[in-house]
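Please read the numbered points with the structure open alongside.

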Amino acid sequence: MTPTLLITGANRGIGLALTEQYLEHGWRVIACCRFPGSAPHLMTLKKRYASLSTHALDVSNQAAVAQLSETLANTPIHLLINNAGLYGPKGYTLGETDTAAWQEVLSVNTIAPLVIAESFLPHLILAAQDGHTPILAFVSSKVGSMSDNQSGGGYIYRSSKAALNAVVKSLSIDLRPKGIRTVALHPGWVQTQMGGPNALITAPTSAHGLKQVLDTLTDSQSGSFIDYQGKEIGW
Ligand SMILES: NC(=O)c1ccc[n+]([C@@H]2O[C@H](COP(=O)([O-])OP(=O)(O)OC[C@H]3O[C@@H](n4cnc5c(N)ncnc54)[C@H](OP(=O)(O)O)[C@@H]3O)[C@@H](O)[C@H]2O)c1
C-alpha cells in the first residue's frame, strides 16, 4: 500500500518542503493549509503529482478539524506531521507580554496539534492494523527546551513549544500500546518566513534531515525530542 502523509501548514516553509520530499519519494500526501486556492507552490506540485490532495484547514478551528477527519474516514494515515506554527509577537520585553497574542499562539502551536492527533487517531490505527508502524510527528523547536534556554525572553513562543513537548511525551506513553510512535522534532534554524533570511539552513535541507529521522525512527526513540540531524535534544 502507498504510504500516506497528512501534514498541516503545507503551503510554505518547512511544511511545503516536507510535502515535496514525500511526494518525490512516492508517498500520497494530504496537504492541509488555510487557503489552498492561494497557495501557488502547492498548485504547481498538484500538476506534477496525482498523489497530492489539498484541503483547507485552519488548525485552530476544531469544527474544521473534525470535518476533515470525517471526510477522510477509512483513509489509513501512516505519518501525521503537525507542522503549522506561529511565532507571535517579537521584540517585546518583560512587562509587555500580550496575553491575547499568547492565547492565539498556544491555540495554534499547542492545543491544535493535540486536537488533530485525537481527531486522526482512528486513521493512524487503520495504518497500524495494516501492519505498518504509524508515526505522529510534531514540529517543535529547540527554543522550547528548558535545558537549552541560555538567553531568556521569548515567553510566548518558548512556552507554546515547551507545552507541546509535554503533550508529545504523554502521547508517546499513551499510544505505545497502539503501536504508534510519537516524536517532537527540531527542524534547525531554517530560512522561512518565521526563521528569517539569516537562518542557517534552507527548508529543503531541513526537510531532508527530518525525513531521514522519521524514516529511521525506532521504538526507543518514541517520546523523544530530535533535531533534523538526528541528534537528541534535552527537554
Ligand atoms: N524556521 C525556523 O527556524 C523554525 C525553527 C524551529 C521550529 N520551527 C517550526 O517549524 C514549523 C514551520 O515553520 P516555518 O519555519 O515553515 O514557518 P512559516 O514559513 O512561517 O510557516 C508557518 C506555517 O504555519 C501555517 N499556519 C500558521 N497558523 C496557522 C493556522 N492557524 N492554521 C493553519 N496553518 C497555520 C502558515 O500558514 P499561512 O501561510 O496560512 O499563514 C504556514 O504554512 C512551525 O511549527 C515552527 O514553529 C521553525
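Which pocket does the space taken by the ligand correspond to? The points below begin with that matter and then turn to individual residues; the model is a predicted one.

1. The space taken by the ligand is the largest pocket. Two elements each give two or more residues to the shell around the ligand, namely α1 (13–24) and α6 (155–175). In total, 26 residues surround the ligand, and the closest are N11, R12, R34, Y157 and T192.

2. By residue class, the shell around the ligand divides into 11 nonpolar, 11 polar and 4 charged residues. The charged class takes in Asp, Glu, Lys and Arg, while Gly is counted among the polar residues.

3. In the side chain of Y157, an N or O atom is 2.6 Å from an oxygen atom of the ligand. A polar backbone atom of V190 is 2.8 Å from a ligand oxygen atom, and a polar backbone atom of M194 is 3.5 Å from an oxygen atom of the ligand. On its own the ligand has 890 Å² of accessible area, of which the protein covers 93%.

4. **A positive phi at N74.** Although N74 is not a glycine, its phi is positive, at about 75°. The residue is placed in the loop between α3 (62–71) and β4 (79–82). Is N74 buried or exposed? Its relative accessible area is 69%, so N74 is exposed, the cut-off for that class being over 50%.

5. **S224 and its contact.** S224 lies in strand β7, which covers residues 224–227. A polar atom of the S224 side chain lies 2.4 Å from the backbone oxygen of Q221. S224 counts as buried because its relative accessibility is 5%, and buried means under 20%.

6. **L124 in helix α5.** Helix α5 (residues 121–129) contains L124. With a relative accessibility of 0%, L124 counts as buried. Between L124 and I226 there are 102 residues of separation along the chain, and their C-alpha atoms are separated by 21 Å.

7. **A199 in a loop.** A199 is found in the loop between β6 (181–186) and α7 (203–215). Its relative accessibility is 6%, and A199 therefore counts as buried. How far are the C-alpha atoms of A199 and Y22 separated? The separation is 23 Å, for two residues that are 177 apart along the chain.

8. G153 sits in the loop between β5 (135–139) and α6. G153 counts as partly exposed because its relative accessibility is 32%, a value that belongs to the class between the buried and exposed cut-offs. The C-alpha atoms of G153 and T93 are separated by 7.2 Å, the two residues being 60 apart along the chain.

9. **A163 within α6.** Helix α6, one of the elements giving two or more residues to the ligand shell, also holds A163. A163 has a relative accessible area of 28%, so A163 is partly exposed.

Notes
Residues numbered from 1 in each chain as written. Predicted model: local features only at pLDDT ≥ 70, side-chain atom pairs only at ≥ 80, totals over all residues. Heavy atoms only, no water. Helix = DSSP H or I, 4+ residues; strand = E, 2+ residues; numbered from the N terminus. Buried < 20%, exposed > 50% of the residue type's maximum accessible area, 1.4 Å probe, protein only. Near = heavy atom within 4 Å. Polar contact = N/O pair within 3.5 Å; in protein donor to acceptor, adjacent residues only side chain to side chain. Areas by Shrake-Rupley, 256 points an atom, 1.4 Å probe, with all protein chains shown as cover. 1 Å grid on protein atoms, 1.4 Å probe; cavity = no way out; pocket = protein on both sides within 12 Å on 5 of 7 lines; lining within 4 Å. Sits in = over half its atoms within 2 Å of the grid points.
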